[in-house]
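Please brief me on how this model is put together. Cover its domains, its sheet and its chain contacts.

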Amino acid sequence: MKRRPLVSVLAAAALLAATAACGEDDPADGMTSIKVGAIPIVDVAPLHVGIAKGFFREQKLNVEVINATGGAAVVPGVVSGQFDFGFGNVVSMIIARSQGIELRALASGNSSTGRQGADFCGLVVAGNSSAKTAEDLEGKKIAVNNLKNISETSVRASIRKAGGDPSGATFVELPFPDMPAAVAAHRVDAALVVEPFLTLARDQGARVVASSFVDAAPNLTVATYFTAQQTIDERKDVVDRFTAAINKSLAYTQANPDAARQALLTYTQIAPEVANRLTLPAWPPQINRSSVQAVSQLMVEDGLVTRPVDVTAMLP
Amino acid sequence: MTADELGAAAATSAAPTPGARPGAAVLRGGNALLGLLGFATFLALLEVVPRLGLVSSDYLPPFSRIVGALGDLLREGGFWAAVGDTVWSWFLGLLIAVTLGIVVGFVVGTVPVLREFTASTIEFLRPIPSVALIPLAVLVFGLSIKSTLLLVVYASFWQVLIQVLYGVADVDPVARDTARSFGLGRWARTLHVTWPTALPYVFTGVRLAAAVALILAITAELVIGIPGLGAEIGVAQQSGAVPRMYALVVVTGVFGVVVNVGFRALERRLLSWHTSVRSEVPV
């Protein structure tokens, strides 16, 4: 989910928007082809479930999912019009908005389960670490997958909530796949890990000291499906159909977690045995607006953006 | 990867005489058995080190498990599609870079004024690591093969160009003057004097470019997520499928060896008349 280095050049991408061609209508059968930029991670399961279940075909949409390895390409891809829609986390979107890039969320992407200790994302320490709660991580070295992003903001929230002062903590950037090993070898004191690496880390003896997404805000909306304002202005009809289809997919997947676990075996390489027992995120059909507002506020406190972003303008 | 590029760049700037490959001559002796034994020892270490617990087998699976994952891979249609994607972007990028490198190299190399005029610009552009262009590639071309091609062509073009420039400069003045006194025109001189002189250099350039092109093709796929072996490695990594990831890495290694051996064989065959190649034959 590395997309930060690109945010600063997003404005340039906007200039390229005019040259891009996408979303071609095929008059023969009334179907519209769309491209969705995503990442091959657990969070996007509903998109794949919805395609398999035909929820997009019902809306006369032919979906091509384009998986970026790191997500670095998703936001610029949507801005430049290479993708019609994208999947991305709320912090990246707020940063983009703060730089004047007109992105708009259409639907919830995924959300924390809201249950402390039973979320798809956890702040873990090595099994033999002396840390018992997030407060014990004051002044410690903590790995997050992206500096200045939703992870860092959430970990600070956990330390604060446990009664500690997050200002002394050092954050280092580490890809999720490297975190279980780094924690086990004490190269970092703690790491904010998401599934499937949370399950893998636990298998190797790591302990969860906090569910940081739960601490950041109740039922935190982590990511959204979004598009460029220009797409809404020019092709409202396609946007409405996509929104309807993805909302139906979210509701279906939330009610049928086994469908999500099945889908994981198609677009990721997660071992079936791990896919069966990892903690799935929640997929509520609604964006939790107050959580987005809270994240935006935390980002100001943590200096990720200089002033609060008008959250209502970027949400549906 | 940047180290490889730098290594290749260092090799080119040292203006190698195409014949000087002492390592190749040594390896071709009766030491093939020793080489095989060394490789077998390496594989045995890969098997033993994780099994002894020196490195956690969660992060470095024993070699036998990697082979098992490789066996699964070979039966997947998706894997072969990824191989096809990588081979295609490697080949296309290399073709464009070699064509451009030869044409530009000959034009610039044979016109002294042009060579002086472009020297500083080439020296400025050449050391820019191709990976630094990834953000640009993503913005302009997104997740399409064009992004890969941009990186591949940029990195491998210089390998060819520099070699061609050295090759063109290496023309024996006596041969050139002789050709001129025989009344050969510019085109005939290029064809009969410059081209044969430069050819071994061109081949060295193509061989270096082939390796660099592969590095950049895999890098682009891995970092950006463009379909291919690199993207498969990325997905395996993000899914915690460690043996599969190593199996894919082994595949890219085999690809690299095949490319290098193939181009060496081609070089030996096509340049069999040249002293640089003849001297490689053990006497």
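The points below go from domains to sheet to chain interface.

This is a predicted model, in which local features need pLDDT of at least 70, side-chain atom pairs count only at pLDDT 80 or more, and totals for chains, interfaces and linings use all residues. Residues are numbered from 1 along each chain as its sequence is written, while chains are lettered from A and ligands numbered from 1 in the order in which they are written.

**Domains of chain A**

- Chain A is divided into domain 1 (4-112 + 219-314) and domain 2 (121-216); the bounds come from an automatic or database domain assignment.
- The centres of the two domains, taken over C-alpha atoms, are separated by 26 Å.
- In domain 1 of chain A, 20 residues are in contact with 16 residues of domain 2 of chain A (contact: C-beta atoms, placed from the backbone, within 7 Å).
- On the domain 1 side, helix H6 (90-98), helix H14 (272-277) and helix H15 (289-301) of chain A each give two or more residues (helices are DSSP runs of H or I with at least four residues, strands are E runs of at least two, and both are numbered from the N terminus).
- H15(A) gives the most to that side, with 4 residues.
- That side divides into 13 nonpolar, 4 polar and 3 charged residues (nonpolar: Ala, Val, Leu, Ile, Met, Phe, Trp, Tyr, Cys and Pro; charged: Asp, Glu, Lys and Arg; polar: the others, Gly among them).

**The sheet of chain A**

- Five strands form an open sheet in the order E8-E7-E9-E6-E10 (chain A), with mixed pairing (two strands pair if DSSP finds at least two bridges between them).
- Strand E8 (170-173) and strand E10 (207-210) of chain A are the edges, each pairing on one side only.
- Neighbouring strands are turned by 40° against each other on average, direction ignored (axes are lines fitted to C-alpha atoms, for helices over the stretch in contact, and angles run from 0 to 180 degrees between N-to-C directions).
- Helix H7 (150-161) of chain A packs on the sheet and touches E6, E7, E8, E9 and E10 of chain A. Its direction makes about 140° with that of E7(A).
- Strand E6 (121-125) of chain A runs antiparallel to E10(A), joined by 3 bridges.
- Val125(A) has Arg207(A) as its bridge partner in E10(A).

**Chain A against chain B**

- The contact involves 30 residues of chain A and 22 residues of chain B.
- Elements giving two or more residues on the chain A side include helix H1 (4-7), strand E3 (61-67) and helix H9 (197-203) of chain A.
- H2(A) supplies the largest share of that side, 3 residues.
- The chain A side divides into 21 nonpolar, 9 polar and no charged residues.

Key. Contact = placed C-beta atoms within 7 Å.
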